[in-house]
Amino acid sequence: MRALIRSATAVLPLVVALVCAGCGAPAPVPPPVDAAPRPAATTRSLPTTPAPVPRPVVLLDPGHNGGNAANEAAVNRPVPDGRGGTKPCNTTGTSTNAGYAEHAFTWDLAGRVRSRLEAAGVRVVLTRSDDVGVGPCVDARGAAGARAGAALAVSLHADGAAASARGFHVAYAEPAVHGTGPASLRLATGLRDALRSAGFAPAGYIGRDGLDGRPDLAGLNSSTVPTALVEAVNMRNAGDAAVLTDPAGRDRIAAAVTAAVLAQLRR
């Protein structure tokens, strides 16, 4: 028994020494969570939506109107001609020998050009809203481009010359009244070139090589934006009449006018 006590007494200091090894040094303390390095803050800019580009505006002036013939007093009243004189408010226009009226042709043509321009992102304003009304007068048609904020204006017509005369021509104000002369001539030339490229022949009975500088057209004189007037065909000529009474022919004219306008707008 004494031998066991002496053995245990001898072993106890060794156990204590083993258990308390390192008890004199403090245990390492882990660093606080906040002491860990943080990633640098990044600023993320939100994507911005670019401002929409405003659509260019084009004024189309389909000549005459379906109610003009029944309202002679209204269309014959004098209005300013843009050069200090007066002109009749409007006229009835002409027709083919078979009775297809100019006002109906220009209304149809304006719709075809309008559809093409709008498909190309252009906003189109017309000088009249239907083909059964009266007017508007030529001075109001000329001023409509500026009111609409238009980049340019195109007046659509067809001529009523002798039956032997054939072809198109494009009129512009000459001399210019409102400082738009060079731009109006460029527009008229572009329309002439587009119609000729589409296979239409310039008129040989008026103007020169499809262009006609005019001082007497009140709509052109009154415009303060670049403007030109297309006499697409001679309605009294049988060959020209066959083109404009055919929807495919009117489509060809509309495509040429549209191409010229888009070229002027650089679209």
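Among contacts in the chain with a separation of 6 or more, 81% are between residues 24 or more positions apart, a contact being heavy atoms within 4.5 Å. Before going on, the ground rules: this is a predicted model, where local features need pLDDT of at least 70, side-chain atom pairs count only at pLDDT 80 or more, and totals for chains, interfaces and linings use all residues. Residues are numbered from 1 along each chain as its sequence is written, and side-chain values use heavy atoms, with hydrogens and water left out.

The chain has 8 helices and 8 strands. Those are DSSP runs, helices being H or I of at least four residues and strands E of at least two, numbered from the N terminus. Of the 267 residues in the chain, 41% are buried, meaning under 20% relative accessible area with a 1.4 Å probe, protein chains only; exposed is over 50%, and partly exposed is in between.

Now the sheet. It is open, with 6 strands in the order β4-β1-β5-β8-β6-β7 and mixed pairing. Two strands pair if DSSP finds at least two bridges between them. β4 (123-126) and β7 (211-214) are at the edges with a single partner strand each, so one side of each has no neighbour in the sheet. From one strand to the next the twist averages 25°.

Take β5 and β8. Asp159 stands opposite Asn234 in β8. Helix α8, residues 247-265, packs on the sheet and touches β1 (57-62), β5 and β8; its direction makes about 155° with that of β5. Such angles run from 0 to 180 degrees between N-to-C directions, and axes are lines fitted to C-alpha atoms, for helices over the stretch in contact.

Next, β6, residues 169-173. How many of its residues are buried? The count is 5 of 5. His169, Ala171 and Ala173 point one way, Val170 and Tyr172 the other, and all are buried. β6 runs antiparallel to β8, with 3 bridges, and Ala171 stands opposite Leu229 in β8. With β7 the pairing is parallel, over 4 bridges; there, Tyr172 has Gly213 as its bridge partner. β6, helix α5 (residues 181-197) and β7 make a right-handed β-α-β unit. Right-handed here means that, with the strands pointing away from the viewer, the path from the first strand over the helix to the second runs clockwise.

Last, the helices. α3, residues 102-119, packs against α8 at about 50°, with the axes 9 Å apart. That makes α3 oblique to α8. The scale is: under 35 degrees roughly parallel, over 145 roughly antiparallel, 65 to 115 roughly perpendicular, and the rest oblique. The α3 and α8 crossing is right-handed: the near helix is turned clockwise from the far one by less than a right angle, anticlockwise being left-handed. Residues meeting there include Phe105, Leu109 and Arg112 in α3, and Ile253, Val257 and Val261 in α8.

α5 also packs with α8, at about 140° and with axes 8 Å apart. These two are therefore oblique as well, and their crossing is right-handed. Among the residues that meet are Leu187, Leu191 and Ala194 in α5, and Ile253, Val257 and Ala260 in α8.
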